[in-house]
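Biologist: I have a structure to go through with you. Please show me how to read its features.

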Amino acid sequence: MKKVAIIGIQGVPANYGGFETLAENLIGKNGSPEISYTVFCSSKDVAEKRNTYKGAVLKYISLRANGIQSILYDIISLCRSICGYDVILILGTSGCLFLPVFRLFCRKKVIVNIDGIEHQREKWGKFARWFLRISEVTAVKFADIIITDNEGIQDYVRGSYGKEAELIAYGGDHVLRMVNEKQEKEILNKYNITSGQYAISVCRIEPENNCHITLDAFTQAGEHLVFIGNWNQNNYGKELQKKYSAFAHIIMLDPIYDLDILYVLRKHSLYYIHGHSAGGTNPSLVEAMFCGCNVFAYDCRYNRYTTGNKAHYFHNAEDLASKISANEGDNSQTMVRIARQRYLWGVIARQYESLY
């Protein structure tokens, strides 16, 4: 039996994080009985501490998994995984500067999923970008295997480092729910929206997700929009909420973690607006595809790859507003077909296990 340690996430059960959802779907029903998982979790971020979850052993560290503490959090997780494991699966690169030291004491297989190109994200300052760049360089050099979830990131690794990365996508079929008609009506009524009469967007409120473009486009088009995100997390979100909450046809909601509610709101939308411009295969886009959404995505290579070049694409607010008003064709069934071909967790779990 292979013993695998998962490092770099807040923990499981998953709560609104892509890597957390990945970890949750590698263990449990999707995982092979021949794989024994240990997941390192943050006791500061996870509300309920458990010894095990879906067959995986959980070990806790008293630091936060995000922000500046994430570096030490990952380093301590690595130190605690030096012995007793066959494979170390690192999700993200925050603690990868420690890998040269880790390699002096542990020669077990190290696999790193580098996520998106973190050092290019607008939200980081100059020092943070430098640190993330160095962490990425170290991860690529000292890992046995690099995983990317998008062809665009795979091309980046090949072009920047001359190294071939494994391409394993992100799954989305966990969002499919069994919700009856009565429950669906209750959810729509709760948010005072009508089926097929609104667009929806779900994301972290950050500049690289182009939330301002989506909001500006819908003020121009005058169409109804339900926008779900963490508006109070930063000044960018606070300023957007202050500016656009006055528009009656724009509903700005705080994060929703209930998958039943998210499924219903996505399923009954007329359009799904995806403004992400970085990060590879974005979980929210894959999830929307499984929900049968008619997708409008920001025009970048990551989104075109994720959607098989079959969605509607926009460059700016004016472009999005005009395409909404033009009532372009429905790509929802095409999105479902692509999702079922590429983004099933059972298949993705087998791909990870083949690398162990």
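**Helix packing, charges and cores**

Modeller: The axes of helix H7 (residues 211-221) and helix H8 (residues 235-244) come within 11 Å and cross at roughly 5°. This is a predicted model, where local features need pLDDT of at least 70, side-chain atom pairs count only at pLDDT 80 or more, and totals for chains, interfaces and linings use all residues. Residues are numbered from 1 along each chain as its sequence is written, and side-chain values use heavy atoms, with hydrogens and water left out.

Biologist: How are H7 and H8 oriented to each other?

Modeller: Two packed helices are described by the angle between their axes and the distance between the axes. H7 and H8 are roughly parallel to each other, a label for angles under 35 degrees. Axes are lines fitted to C-alpha atoms over the stretch in contact, with angles from 0 to 180 degrees between N-to-C directions. Helices are DSSP runs (H or I, at least four residues) and strands likewise (E, at least two), numbered from the N terminus.

Biologist: Which residues of H7 and H8 make the contact?

Modeller: H7 brings Cys211, His212, Leu215, Asp216 and Thr219, and H8 brings Tyr236, Leu240 and Tyr244. Contact means heavy atoms within 4.5 Å. By type, five of these residues are nonpolar, two polar and one charged.

Biologist: Now the charges. How many salt bridges does a search of the whole structure find?

Modeller: Side chains of opposite charge can pair when their charged atoms come close. The search finds 14 salt bridges, each a side-chain nitrogen of Lys or Arg within 4 Å of a carboxyl oxygen of Asp or Glu. One of them joins Glu136 and Arg133 (3.4 Å, N to O). These two are three residues apart in helix H4 (residues 126-142), about one helical turn.

Biologist: Is Glu136 buried or exposed?

Modeller: Glu136 is buried, at 3% relative accessibility. Arg133 is partly exposed, at 33%. Buried means under 20% relative accessible area, exposed over 50%, partly exposed in between (1.4 Å probe, protein chains only).

Biologist: Which parts of the chain does the bridge of Arg177 and Asp260 link?

Modeller: Their closest N and O atoms are 3.0 Å apart. Arg177 lies in the loop between strand S8 (166-167) and helix H6 (181-190), and Asp260 in helix H9 (residues 259-267), 83 residues apart.

Biologist: Last, the core. How many residues has the largest nonpolar core?

Modeller: It has 67 residues, and Tyr37, Leu89 and Tyr356 are among those with the most contacts inside it. A nonpolar core is a set of buried Ala, Val, Leu, Ile, Met, Phe, Trp, Tyr and Cys residues joined through side-chain atoms within 4.5 Å. A second, separate core of 55 residues includes Val112, Ala143, Tyr156 and Cys211.

How values were computed. Angles under 35 degrees count as roughly parallel, over 145 as roughly antiparallel, 65 to 115 as roughly perpendicular and the rest as oblique. Ala, Val, Leu, Ile, Met, Phe, Trp, Tyr, Cys and Pro count as nonpolar, Asp, Glu, Lys and Arg as charged, and the others, Gly among them, as polar.
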